[in-house]
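Okay, thanks for coming, everyone.

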Amino acid sequence: MKKLCLLILTAALTTLAQPAIQQGHGHRFACTDYLQGKVFIVSAEGKVEWEYQTTTACNDLWVLPNSNLLFSTDHAVKEITRDKKVVWSYESKSEVHTCQRLPNGDTLVGECNAGRLLEITSSGQIAQEIRLLPEGKDGGHMYMRTARKLPNGHYLVCHTGDEVVKEYNQDGKVLATIPAPGGPHAAIRLPDGHTLISCGEAKNGSRVFETDTNGATVWEVKNPDLPGISLKYMAGLQRLPNGNTVMANWVGHNHFGEAPHLIEVTREKKVVWTFADHKTMKTIANFQILDLPGDAIKGELAH
């Protein structure tokens, strides 16, 4: 009897010693694990509902209206069904860190090394090519991360190594440049014309900031704005309808397990939700909150 009680007590103490996966009211979401090469769907209670093993460098992600998942991985972009059947793919010689399903059904693919933005049809044909680098020039691993086509037909591109976000027109002409010290990973254009940007860890750049239409910073979160939480390499972003911002805190580069994977903050920088399942996931690079109304493809979700 004493042995049984001791085992129960030990199990209880072990459970209490383990940090909670979530703090605050959770969201149902999908995410990519960059280093493990996995895609997950996680319930609002913080439990993995579904996962898919792909290759490493799994970065960008979209959950489509038909419930399929579109994501970039290593040198490719794939669309898979929930029963894990590949229904569309594009292979590249370049590293590919970004993708976007467009309202017309085409898919935007960013080729990092080649410095190209491609719009590819459902049949695999290149419908549009925008060259950001001269043909034959290798931009390298840090040239490009997230790229988004905007409703006005322009393109918002994160040039991580150059530490800037640039807006291009359909001819590849630079229309605007936003300095992003630390190296931008993701940038999204908000409905009011502002731009929300996440920055990596270079030069103490770990932060998320918002600029107005003139490029002036109007809001930001950086170390040590969130007591008890360390910002590492800030990656994917989503602005919620209530004004809160959800941020992916990429904890690679020898920071495994040191901070939450996902952090939701209010405009006043109050933390209302964190997610950290370090046993299951290593490095969440991007995500999409799934318990919100709206179609991300049509630009109704700031993702």
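One definition before anything else: buried means under 20% relative accessible area, exposed means over 50%, and partly exposed is in between, with a 1.4 Å probe and protein chains only. Also, this is a predicted model, where local features need pLDDT of at least 70, side-chain atom pairs count only at pLDDT 80 or more, and totals for chains, interfaces and linings use all residues. Residues are numbered from 1 along each chain as its sequence is written, and side-chain values use heavy atoms, with hydrogens and water left out.

So, phenylalanine 29: it counts as buried, at 0% relative accessibility. Phenylalanine 275 also counts as buried, at 0%. What kind of pair do the rings of phenylalanine 29 and phenylalanine 275 make? Rings of Phe, Tyr and Trp (its six-membered ring) pair if their centres lie within 6.5 Å; planes under 30 degrees apart are stacked, over 60 edge-to-face, and the rest tilted. Here the centres are 5.0 Å apart and the planes at 75°, so this pair is edge-to-face. Phenylalanine 29 lies in strand β2 and phenylalanine 275 in β24, so the pair ties together parts 246 residues apart in sequence. Strands, by the way, are DSSP runs of E, at least two residues, numbered from the N terminus. Tryptophan 50 and tyrosine 52 have ring centres 6.4 Å apart and planes at 10°, so that pair is stacked. Phe29 and Phe275 also form one aromatic cluster with Trp273.

Next, the core. A nonpolar core is a set of buried Ala, Val, Leu, Ile, Met, Phe, Trp, Tyr and Cys residues joined through side-chain atoms within 4.5 Å. The largest has 20 residues, and Phe29, Leu262 and Phe275 have the most contacts inside it. Strand β25 gives the largest share, 4 residues. A second, separate core has 16 residues, including Val221 and Leu231.

Over to a sheet: four strands, β5-β6-β7-β8 in that order, open, with antiparallel pairing. Two strands pair if DSSP finds at least two bridges between them. β5 and β8 stand at the edges with a single partner strand each, so one side of each has no neighbour in the sheet. Between β5 and β6 there are 4 bridges, and leucine 61 stands opposite phenylalanine 71 in β6.

Last stop, threonine 98, in strand β9. Buried or exposed, this threonine 98? Buried, at 2% relative accessibility. The side chain of threonine 98 makes a polar contact with that of aspartate 60, at 2.9 Å. A polar contact is a pair of N or O atoms within 3.5 Å; within protein, one must be able to donate a hydrogen and the other to accept it, and residues adjacent in sequence count only if both atoms are side-chain atoms.
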